[in-house]
There are 2 protein chains.
Amino acid sequence: MSVQEKLQQLFHPEAVAVIGASATPSKWGFGILHNLIQGQFPGPIYPINLKEKEILGRKAYPSLAETPGPVDLAVIVVPPEKVIPAVLDCGRKGVAAAVIITAGFGEVGAEEMRRQEELSRVIRQTGMVAIGPNCQGVMSAQSRLFAQFLWIFPPAGKISIVSQSGNVGGSLMGRGMAFGIGFSKFVSSGNEAVTKCHELLEYFGEDPETEVVMAYLEGVPEGRAFFRALARVTPRKPVLILKGGVTEAGSRACASHTGILAGEANLFASACRQAGAVLVDTLDDLFYSAVTFASQPLPRTNRVGIVTWGGGWGVLAADACVREGLCLPALPAEVIAELNEFLPSRWSHNNPVDLAAGGGPGVLSRTLELMVKSPAFDGVVQLGIGISSFLRFMTQSSFFFGHADRAKVRETLLSMAAESDKKFSEKVMQLSRETGKPILSASDTASTPSEDNVVMQTFRQEGKIIYPTPFHAARCLGHLARYARFRQKIKREGLSQG
Amino acid sequence: MSVQEKLQQLFHPEAVAVIGASATPSKWGFGILHNLIQGQFPGPIYPINLKEKEILGRKAYPSLAETPGPVDLAVIVVPPEKVIPAVLDCGRKGVAAAVIITAGFGEVGAEEMRRQEELSRVIRQTGMVAIGPNCQGVMSAQSRLFAQFLWIFPPAGKISIVSQSGNVGGSLMGRGMAFGIGFSKFVSSGNEAVTKCHELLEYFGEDPETEVVMAYLEGVPEGRAFFRALARVTPRKPVLILKGGVTEAGSRACASHTGILAGEANLFASACRQAGAVLVDTLDDLFYSAVTFASQPLPRTNRVGIVTWGGGWGVLAADACVREGLCLPALPAEVIAELNEFLPSRWSHNNPVDLAAGGGPGVLSRTLELMVKSPAFDGVVQLGIGISSFLRFMTQSSFFFGHADRAKVRETLLSMAAESDKKFSEKVMQLSRETGKPILSASDTASTPSEDNVVMQTFRQEGKIIYPTPFHAARCLGHLARYARFRQKIKREGLSQG
């Protein structure tokens, strides 16, 4: 079986064993078993524990050998000195993949690095793929596999993550849950003693469940193999990379975190760019751009139109778009003429189209439609969703216009607001589908996750998000446009070679 | 009366008139009157309207002249052609300050710019200060004055805002409300036909209710006066500036927004820096750094310690701190020795101090205390608040360890989590007070505003915030350190001159 076939078993196992499962809630061996069960993994789960007969309602076994059926995936969470014996057990049982949670290897010091090298040698002899050691676990949402210490259960989605930090991965999935964004797979790759990030990247490249790849990397142990894998994946799927350890202090921190050398930051960045990766700067950038790639079409060019309710946000969006290398063409004469027909005269007559708080949601809808459908623009940034906020504000008033039945007025206003919001949000979705152009909407009244937020719910149904500020929207559209240009270049080169 | 004395009346009026008050809920003349009343302004409010006898329960007057008492502040929200007559009425009534909401002046075109110049001339003859035209209103929380169209009523606080955009100001106050952060004053300065941003800046500089000044500026109509005012305020109070119109496209957008020329961005930035302003890049940067300046002491030097639960966040924080010009000294031998006494051996032995998810909240507390009290560090970034998240996660479990009375177990766990969170948060506050050093805490489990978030509530009581990522914390600490250095320089120069 090839590495890629074994990774297929890692992410879609039929049976899982937890070697070092514990009945003590504060232990990692408890958390991992608990989360496998809580995550509703459909196949057999075997806790391996010398003393316990049963943990969390599942029959426990004193050894892997005594489990009644085959095991594809073993999660190893025993003390460091017991890891190699556990791996040998896995070999004898014919396990395809191991996830080694246990820390205390290369990240600690020279002696422990020798222990890690011995571990690698033993794993290679078994022929297994092995994640870790010193990792947080593996998640595969479509298989309902939550073999991880983090108590986070995101819905199934199109984004897969490889992270050399468990807590960075947890941050990303936690945000996803808050915004209703799903993930396909998450691997906390730890010290990468055997299975390396480039092998995971290659797997995600071929995986039909993965459309966008996110990576948090401190270093790549096998640089050439990594950039080769990257260059194979990027023509088909965007790969977003956040690099940790780009400064000397950060790099020192990497050494005691995963024991992986951070390498020279500028060289790494330029090689990534050349291989077509999308480099991001911050956790915000990583999260918002992954959601964007998973939910928006690529723009044909970098020509952008901006539609805004308020002037300041329009100015800031224009600045941010230009800084992202996007182009803001002047409004075509026919668009100006058509807008003049229904906009109050104070509108900006310019790109950004600033409605200056004029007109209702119908007017905004018509304006957006004209901009999105104009051949002058291949993408639109829309600022200040709908106009519901005004109706919502009114519900907080102590007046309700002197009406006797306040509760009813309030209810009517809220339902008007919800209807108007829903209609407008659906229009945004429809326009993007119809034209194949990305429309990125930013709003501070609609960007906070909340169950009664109709706009957010409507966007969420298509995996979309409302950006909290114009900067986030412009940054993400910049990533889309740069990646689109890369794809076009690859295609042209392919054609000219073909 | 000087301009500054009149501004004092603008922010602390005894009686307010709304010229153009309306009974129609969709009109601005309704919103402004409504918000004045809803905001519980304690003095007389006079709606001026030719036809109505009463609006929102307040007696209306056909003209300003017929109001029964003196009026300090008039909010003018009539059509453009009626603004000058309204201003003349204000002059005759002896009004000290006007806020001209009405748009349709310099921001539209050359002809309207002439109308604005005529308006300026008339206002100057009356001797009033006048905000606008083309603005959104004025807020003065300590006076309970919400003379604004925005239905936003933030609690009283230490931060004052001058913004050449109403919607940028609204964004900032809306965020403040979500995080429980108060403001003192907000001025949407619009086209600045008469009263300019530098006069407001000077007022905030002397205002005992203002400790931090935020400015969103597209351009400064009187550059020399602005930088002079800025240089007078910054030695006493931090002034945070977000500049709109730093690109050509953004600058064009400014012209149709406020009609104020954006000017040359690099020149503006370097003059601001020289005058001691804190320049920020984005709305996030502006908001988080204002809250930071309002709630954290200034660090003595730029030497920073990092304490983290998870390795990846520690690496990213180290990178971000270095990029901000902060310095991460090595751990002193005595700190290492003391930490060795109670930390599990896998801790990083390095700055960042990475606990590698080891130990409980007591251990975290002791680690933080050692770092904050060490003379090696003048500020600390702490990542991953408390350990309550684990207890909270458990409450979502379908097991509760087989306990018969699940609801009670859940309640117990939640109250344990809350107690642990509260204790730790109070420790953070106490350590900062005791040592006079800033401690910036980042956590993604604790950064979302929510009523039952004990950590957030405890921080909020001291006007503090939990930063959503290590990047936000590092950026804000960078601003603090740079501003502290500026203040020290000013002080040294003052002493050497004295």
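Because the model is predicted, local features need pLDDT of at least 70 and side-chain atom pairs count only at pLDDT 80 or more, whereas totals for chains, interfaces and linings use all residues. Residues are numbered from 1 along each chain as its sequence is written, chains are lettered from A and ligands numbered from 1 in the order in which they are written, and side-chain values use heavy atoms, with hydrogens and water left out.

**Exercise 1. Symmetry of the two copies**

Solution. Step 1: two copies of a chain are related by a rotation about an axis and a shift along it. Step 5: both copies use the same surface, since 100% of the contact residues of chain A recur in chain B; contact here means heavy atoms within 4.5 Å.

**Exercise 2. The interface**

Describe the extent and composition of the contact between chain A and chain B.

Solution. Step 1: chain A contributes 66 residues and chain B contributes 66 residues. Step 2: the buried area, defined as the accessible area (1.4 Å probe) that two parts lose on being put together, summed over both, is about 5200 Å², and carbon and sulfur atoms give 66% of that area. Step 5: helix 11 of chain A gives the most to the side of chain A that touches chain B, with 9 residues. Helices (H or I, at least four residues) and strands (E, at least two) are DSSP runs, numbered from the N terminus. Step 6: this side of chain A divides into 32 nonpolar, 23 polar and 11 charged residues. Ala, Val, Leu, Ile, Met, Phe, Trp, Tyr, Cys and Pro count as nonpolar, Asp, Glu, Lys and Arg as charged, and the others, Gly among them, as polar.

**Exercise 3. Salt bridges within a chain**

Locate the partners of the salt bridge between D378(A) and R300(A), and of the one between R252(B) and E248(B).

Solution. Step 1: the structure holds 42 salt bridges over all chains. Step 2: the side chains of D378(A) and R300(A) meet at 3.6 Å, N to O. D378(A) lies in the loop between helix 13 and strand 17 of chain A and R300(A) in the loop between helix 10 and strand 15, so the pair ties together parts 78 residues apart in sequence. Step 3: D378(A) is buried at 5% relative accessible area, while R300(A) is exposed at 56%. Buried means under 20%, exposed over 50% and partly exposed in between (1.4 Å probe, protein chains only). Step 4: in the second pair, the closest N and O atoms of R252(B) and E248(B) are 3.7 Å apart. Both residues belong to helix 8 of chain B, 4 residues apart, about one turn of the helix. R252(B) is partly exposed at 35%, and E248(B) is exposed at 64%.

**Exercise 4. Backbone geometry**

Identify where the cis peptide bonds of P133(A) and P352(B) and the positive phi angles of L56(A) and E192(B) are placed.

Solution. Step 1: most residues other than glycine have a negative phi, and most peptide bonds are trans. Step 2: the cis bond joining G132(A) and P133(A) has an omega of about 0 degrees, and P133(A) sits in the loop between strand 7 and strand 8 of chain A. Step 3: the bond from N351(B) to P352(B) is cis with omega near 5 degrees; P352(B) is in the loop between helix 12 and strand 16 of chain B. Step 4: L56(A) has a phi near 50 degrees, lies in the loop between strand 3 and strand 4 of chain A, and is buried at 16%. Step 5: E192(B) has a phi of about 50 degrees, is found in the loop between strand 11 and helix 6 of chain B, and is buried at 1%.

How values were computed
Salt bridge = Lys/Arg side-chain N within 4 Å of Asp/Glu carboxyl O.
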